[in-house]
Amino acid sequence: MLIYPDEKEDRVSETLSHKPVDAENVNRAIEGAHAALGNRQKDDGHWVFELEADATIPAEYVLLEHYLDRIDQEKQDKIGVYLRRIQGEHGGWPLYFGGGFDLSASVKAYFALKAIGDSIDAPHMRRAREAILDHGGAARSNVFTRIQLALYGEVPWDATPVMPVELMLLPRKAFFSVWNMSYWSRCVLAPMLAVGAMKPTAINPRGIHIQELFVKPPELVKDWIRGPYRSIWGRAFKHLDSALRPVLPLIPNRIHEKAIKAAISFIEPRLSRGGLGAIYPAMANVVMMYRALGVPDSDPRVVTAWESIQDLLVQKEDEIYCQPCVSPVWDTGLSGLAMMEAASGAHPTKRDETIAKLKKSAEWLRDRQILNVKGDWAVNTPNLRPGGWAFQYENDYYPDVDDTAVVGMLLHRVDPEENREAIERAREWIIGMQSTNGGWGAFDIDNDLEMLNHIPFSDHGALLDPPTADVSARCISFLCQLGHPEDRPVIDKALDYLRKEQEKEGCWFGRWGTNYIYGTWSVLCALNIAGISYDDPMVKRAVTWLEDVQRADGGWGEDCATYEGAPPGTYKESLPSQTAWAVLALMAVGRRDSEAVKRGINFLTSKQDDNGEWQEDAYNAVGFPKVFYLRYHGYKQFFPLQALSRYRNLGTSNTGRVEYGF
């Protein structure tokens, strides 16, 4: 019988996945991964991995240099190498590895490459241009792209939705108040509204324009703001947008100036070397705002804002890209938990050495706990003491409960006594951040005014930070790991929320990680530590779903297409990070010795490279579903280590239960 190559590979994978687990293979894999991850730890105890998005952020950085006439051609040339490398076979640029054509990302990437110096007659530029025109041209790009084009004079300002700077004057109770929006929306909007009020034009010293990307001249386009609308409210807000346009010029100048000052007053206390909100779009908007205000580049505020952007650049030998932000606290918490798991159990890997290094991590994390700044979250809970951690090195106004829960669980495992005060402040803050429906959003309480997601500006549909299953599960895991009986009402309310959030397939949606495997893993960890029976129908449905989506080679895979309607838990290949999540999820609910887990463990040991690491190209997280995706370069390293170590430890456990929240 003839066996074709792909068929042969499938049969080999299937045979491998049904082999018994070799304990020596597992130990070797753990030791290799432990050494590899340990070698990436910084001298002060923390970890930080690259955080990659799509072409949009590097392209925007290129255009920012041309806007300001602060062009560093060497950097731009290397960004060009990166942008050309990630161009899709469809001619444009995707939002994630292997993804479909995205119009807005493609317009920005093309614009950036032309600014860098690429000829529009080059084959890659011609393919990109044809793809963009085939999808309606630059006129049909999203709001943020059209704002960028307006700054360059490529489209009129009428191409952008009505977003008057006077929004900065509205009180919390007003429907359109920025305080009803998510943290990232506030930080991006405040400088953007000020820039929009002044309507500056990019210096653009090389006179780069992209009129060739329009199907018809921009001055002839009359339907810049159009559907498809997500509800009847979208149509209503479109009419409101039209009605407001002739009114805006009638606003008195003194009100206008007061609103710009309000935007500046919001921004400047939040400025630091970490940048406004510690996210690129907000940071870039601040630099453009100061330029429009006539503030010189030598001003300390501008210097700080510009340096914060430079810190996002990932510079390699032949290419550069710009990260959307950095993730040291998150990476340290998750790396630390993986290393801790490896150093635990009856047969630990370098226990004393690991604990000593993790104590340095704990010290580094304690130094970054935000104890004296009441951030934007305090608008909804003014009497709550600070006690959280931010995602980045410095972002004191915007801690999040997800990072705080992960860090709290690590500190508790490393040394609960030495870290008692930090853990208790984190516990107090997380309890105080619970939303009315029992869940937790990442940064705010009850940030769920869904109607705002239907205004023309919010074509990305991510203006809010409502409670989500994955974040809520993390908070439950932390509180249950601490084990304070008085916290049970908070936990039970959150468990009721999770029960309602389960999808019909049995999985949970992963708001901040890709996607249903991530969400289901997060929730099953929480259900276990909260004492929910493994025979609970909610748990059994989730287990059935996870086992059903396991691939023939024993692994699991899911990519960002599941945010766009693809079946939950599916992908063309198995991935180390996804497999680790699935295995951890099943072990959390008593399935350590199941065939599914054994096959997953065999997959992980078989895919480890000679350096003790794993490789995967797929993106594994999301900023805004359907709009902005992320690739955490550390996920493929620390999650497999945690899964393999957990498997080994449960094999010699007296209880056979996972006794931690994560």
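User: Which residues does Gln502 touch, not counting residues up to four places away in sequence?
Analyst: Happy to start there, and please keep in mind that this is a predicted model. Gln502 sits in the loop between α18 (488-501) and α19 (516-529). Leaving out residues up to four places away in sequence, Gln502 touches Cys507, Trp508, Met538, Arg541 and Ala542.

User: Is Gln502 buried or exposed?
Analyst: Buried means under 20% relative accessible area. The relative accessibility of Gln502 is 12%, so this residue counts as buried.

User: Which residue has its backbone oxygen 3.0 Å from a polar atom of the Gln502 side chain?
Analyst: Met538 is among the residues that Gln502 touches. A polar atom of the Gln502 side chain lies 3.0 Å from a backbone oxygen, and that oxygen belongs to Met538.

User: Thanks! Why is strand β5 (residues 628-632) largely enclosed by the rest of the structure?
Analyst: Let's take the two faces in turn. In a regular strand, side chains alternate between the two faces of the sheet. On one side of β5 are Phe628, Leu630 and Tyr632, on the other Tyr629 and Arg631, and all are buried. The strand is largely enclosed because the number of its five residues that are buried is five.

User: In β5, which residue is the bridge partner of Glu52?
Analyst: Strand β1 (residues 51-52) runs antiparallel to β5, and two bridges join them. Within β5, Glu52 has as its bridge partner Arg631.

User: And which residue in β5 is the bridge partner of Val622?
Analyst: Strand β4 (residues 621-624) is also antiparallel to β5, with three bridges joining the two. For Val622, the partner in β5 is Tyr629.

User: What is the phi of Lys626, in the turn of the β4 and β5 hairpin?
Analyst: The hairpin formed by β4 and β5 has three residues between the strands. Lys626 lies in that turn, and its phi is positive, at about 75°.

User: Which residues is Leu452 in contact with, leaving aside its neighbours within four places in sequence?
Analyst: Leu452 belongs to the loop between α16 (420-432) and α17 (469-482). With 0% relative accessibility, it counts as buried. Beyond its neighbours within four places, Leu452 contacts Phe175, Phe176, Asn180, Met181, Ser458, Leu463 and Leu464.

User: One last thing: how far apart are the end C-alpha atoms of residues 30-317?
Analyst: UniProt, in an unreviewed entry, places the feature "domain: Squalene cyclase N-terminal" at residues 30-317. In the model, this span is 48% helix and 2% strand. The separation of its end C-alpha atoms is 31 Å.

Key: Residues are numbered from 1 along each chain as its sequence is written. This is a predicted model: local features need pLDDT of at least 70, side-chain atom pairs count only at pLDDT 80 or more; totals for chains, interfaces and linings use all residues. Side-chain values use heavy atoms; hydrogens and water are left out. Buried means under 20% relative accessible area, exposed over 50%, partly exposed in between (1.4 Å probe, protein chains only). Helices (H or I, at least four residues) and strands (E, at least two) are DSSP runs, numbered from the N terminus. Two strands pair if DSSP finds at least two bridges between them. A polar contact is a pair of N or O atoms within 3.5 Å; within protein, one must be able to donate a hydrogen and the other to accept it, and residues adjacent in sequence count only if both atoms are side-chain atoms. Contact means heavy atoms within 4.5 Å. UniProt positions are given in the numbering used here, feature names are shortened, and annotations may be inferred rather than shown by experiment.
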